[in-house]
Amino acid sequence: MTRIAALPRSAPFAPEDIAVLDKVIGRASSTQRAWLAGFLAGIDAAKGDAAAPAAPPAAKTKLTILFATESGNAEALANAAKKDAQKRGFAPRVLDMADIAPAALAEAENLLVIASTWGEGEAPQRAAPFMRALLAEDAPALKGVTFAVLALGDSSYAQFCETGRQIDARLEALGARRIAPRLDCDLDYEAPAATFIDSLFTALAPQADAGSVIHVDFHRAEGVEISKANPFEAEVAALHPITSSRSESETLHLELDLTGSGLSYEPGDTLGIAPTNAPSLADAILGATGLAGDAAAREALIRERDITTLTPKLIADYAALTGEAKLAALAADEAARTSFIAGRQPLDLFEAFPHRLDAGQLAGLLRKLPPRYYSIASSQKLVGDAAHLAIAKVAYESAGRARLGVASGMVAERLREGDTLPIHIKANPHFRLPEDSSAPIVMIGAGTGIAPYRAFLQEREATGASGRTWLIFGHRRFTHDFLYQLEIQDWLKSGVLNEIDLAFSRDQPEKRYVQHVLWERRAALQAQLAEGATLYLCGDAKAMARDVDATLAHILGGDDAAKGQAALDALIAAGRYKKDVY
């Protein structure tokens, strides 16, 4: 594939000269560029302008980029920041909070922290031990360290960017010096994060190293990488329910054709769908804000704006825009605001406090519509240019109105075979099968948490892996909700799956969940761990994941909670307890 050289923006030429030189150098062959370099050097030598011997290179400015990630966003930003820092003359290094202790920051000099918040204000799972140590009374002093914090979060949660807030305050308390105010980013974080990092690096501004190599940017001459910003239109090859018609929660199996995309993925990765909102909900919002009949505004609401998430910021912004005293009071009263938000959406706000808006004002109030991510339920080694998903339809009633999930409602009610969906792949390197295919694995999941395990088992089938496999799966009812039952039974017969335990919560008077199975089978679980097993957990974060964590800590530590947590942290640090929860 052709690669084009481009002069860096820092080259000592005017912008218009850089453009001309790019055209010449970009299409020149290696022989032509070598000749040109020698020709220019000869001219300088003839004039006596040959460069003086370079001074010893100055020590580069050190920069530590520390990240805490749950879904990979903070890690991706950290790695991109490292590349940018190298081009600017820094000596950067990237560290994962999962791999270090706070004492390692004492020699950091300049520290950029990029931290995600998970769930209800919690640190990402793998960063939790670091956070506990950082917040402990015996945390090390960090005098002499300068820092800045970039916090990622979701403003629909009450504890928005809480992990970043805690780190920012704690670093200052430990004696470090803040060199830029913390930036809190919502789901649409890319642009503000890039601006923040650029400003930070400009402020730190290391002197150019006279002996350093000039970084030349290379880019592909043809083709654009598939990404969130440039999704691939994948055709729907199959779409059908995998729960019975009598199930209390409908789950669908979706197969997407990736032919021609060049996309590849590994078991454990996720697939992002760029969804559209329900047209009926968009119409209701337009009616409530005096914009009924505005076709352009309707299209924007359907395709571009988040019209289902009511956040404290939206209430505050709406109050400021309208000057409504009651709205301002609601925005200022945390308890009243939290109560109002529970179970409601922007439409409820606009109906409760009606005001005429123009299209620009309405769009400015609403967040961008983010992708929805689903664990991939297939192995490419078995299905080829395809990706399978298990999607549970989210449907419920609240505040007197029926509600639907954005992507799941679209898939369940408006998508048909032959349609296309804009998609991209998001790697999840921290939820992978062990490199040693003979190592045992224990897969714990509920509901659509079965999805990555279907991918794991397909991969094991395709590769003939020998490691022992144990699945602990939970849902509501055996007869209606045993997802992928026939395939799982086939894997049990063939030996791809060695053992299965089921927890169908509504099949007996007392509800039984996967954590109950873990406790009942604790001796077998400890035996598997002693043999080097890796534990996996996938499913609901709010209840199941916390209950499973508590049960595992009890199994590992008995009545000593601290001992159990330490044992669980050790498994996480060793990469033997991996979670994909949502």
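Colleague: What joins β5 to strand β7 (residues 183-185), and how do you know that they count as a pair?

Modeller: Three bridges join β5 to β7, and the two strands run parallel. Two strands pair if DSSP finds at least two bridges between them, so three are enough. In this pairing L152 stands opposite C185 of β7. Strands here are DSSP runs of E with at least two residues, helices are runs of H or I with at least four, and both are numbered from the N terminus. This is a predicted model, in which local features need pLDDT of at least 70 and side-chain atom pairs count only at pLDDT 80 or more, while totals for chains, interfaces and linings use all residues. Residues are numbered from 1 along each chain as its sequence is written, and side-chain values use heavy atoms, with hydrogens and water left out.

Colleague: Which way does β5 pair with β4, and over how many bridges?

Modeller: β4 and β5 pair in the parallel sense, with seven bridges; V113 is opposite V149 in β5. Between them the chain passes through α4, and this β-α-β crossover is right-handed. The word means that, with the strands pointing away from the viewer, the path from the first strand over the helix to the second runs clockwise.

Colleague: How many bridges pair β5 with β6?

Modeller: Two bridges, again in the parallel sense, with F147 opposite R178 in β6. The chain goes from β5 through α5 to β6 in another right-handed β-α-β crossover.

Colleague: Why is β5 called largely enclosed?

Modeller: Buried means under 20% relative accessible area, exposed over 50%, and partly exposed in between, computed with a 1.4 Å probe and protein chains only. Seven of the seven residues of β5 are buried, so the rest of the structure largely encloses this strand. T146, A148, L150 and L152 are buried on one side, and F147, V149 and A151 on the other.

Colleague: How do you know that the length of helix α5 (residues 162-173) agrees with what it should span?

Modeller: The expected span is 1.5 Å times one less than the number of residues. For the 12 residues of α5 that gives 16 Å, and the end C-alpha atoms are 16 Å apart, so the two agree. Among the buried residues of α5 are I167, D168 and L171. Their cover includes β4 (110-116), α4 (128-135), β5 (146-152) and β6 (177-178).

Colleague: Why does Q458 count as buried?

Modeller: Q458, in helix α16 (residues 451-463), has 4% relative accessibility, which is under 20%, so Q458 is buried. Contact means heavy atoms within 4.5 Å; beyond four places in sequence, Q458 has such contacts with residues including L382, V383 and W491.

Colleague: What makes A399 partly exposed?

Modeller: Its relative accessible area is 46%, which lies between 20% and 50%, so A399 is partly exposed. A399 also has a positive phi of about 50° although it is not a glycine.

Colleague: Where is pLDDT under 50?

Modeller: Over residues 208-213, for which the model has three contacts beyond four places in sequence. pLDDT is the predictor's confidence in each residue, from 0 to 100. Where it is low, the predicted coordinates should not be read in detail. The protein averages a pLDDT of 91, and 88% of the residues score at least 70.
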